Amino acid sequence: MRKKSISSHIEKNFGKDKSVLHEIALPDTVVTHVNLGFTVADGERVRLLYIEDDYTLIVCFTDLEDEEVCFMCSNTLAFQWQRAEYFLSNEERDDSAYEVCDSAWLRIHREQGYAYHNHRHFKLNFNAAGILEILCAKIERVKSPPKKVGRIIKL
């Protein structure tokens, strides 16, 4: 049985107005929808594997058709997972992937010499499970997680 979306709870209690979730948003924050070749809508059972030696984050989850989806984030500088849902833009949906343009988080990493021009801030809204944000150079789908051992983070 699938978990109810947090946004369904908010819609039931506050109507369709998502403004209750915008309190942390900065007025000049711009997000653009990105097509990663898979959907995070209704994704659940999210698992993270961080391989510290080569700064790779592997993410696997079960999609809405109960299929296993895995993707690799190359040259990962930082990532965070949270259950609480929030939006940076009125156009943002709770079941899609976005790039946060010129984010403060990425800017801090650039100012300190960790991030380069090819690093991006991705925000993946798994409406049924939570939000994953990643600072990395590239996201690509993989057939299965690599055999290499890393630091496993279960959510």
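Reply: Of the 155 residues of the protein chain, 45% count as buried, where buried means under 20% relative accessible area, exposed over 50%, and partly exposed in between (1.4 Å probe, protein chains only). This is a predicted model, in which local features need pLDDT of at least 70 and side-chain atom pairs count only at pLDDT 80 or more, while totals for chains, interfaces and linings use all residues. Residues are numbered from 1 along each chain as its sequence is written, and side-chain values use heavy atoms, with hydrogens and water left out.

Me: How many helices and strands does the protein chain have?

Reply: There are two helices and 10 strands; helices (H or I, at least four residues) and strands (E, at least two) are DSSP runs, numbered from the N terminus. Along the sequence they follow the pattern α-β-β-β-β-β-β-α-β-β-β-β.

Me: How is a salt bridge to be read, and how many does the structure hold?

Reply: Side chains of opposite charge can pair when their charged atoms come close. The criterion for a salt bridge is a side-chain nitrogen of Lys or Arg within 4 Å of a carboxyl oxygen of Asp or Glu. The structure holds six salt bridges. One of them joins the side chains of Lys-123 and Glu-92, at 2.3 Å from N to O. This pair links distant parts of the chain, 31 residues apart: Lys-123 belongs to strand β7 (residues 120-126), and Glu-92 to the loop between β5 (78-82) and β6 (97-101).

Me: Are Lys-123 and Glu-92 buried or exposed?

Reply: Lys-123 counts as buried because its relative accessibility is 0%. Glu-92 is also buried, with a relative accessible area of 0%.

Me: What is the accessibility of the partners in the pairs Asp-95 with Arg-93 and Arg-107 with Asp-102?

Reply: Asp-95 and Arg-93 form a salt bridge whose closest N and O atoms are 2.7 Å apart. Asp-95 is buried at 15%, whereas Arg-93 is partly exposed at 46%. In the salt bridge of Arg-107 and Asp-102, the N to O distance is 3.1 Å. Here Arg-107 is partly exposed at 34%, and Asp-102 counts as exposed at 57%.

Me: Where does Ala-41 lie?

Reply: Ala-41 is in the loop between β1 (30-33) and β2 (44-51). Ala-41 is buried, with a relative accessible area of 12%.
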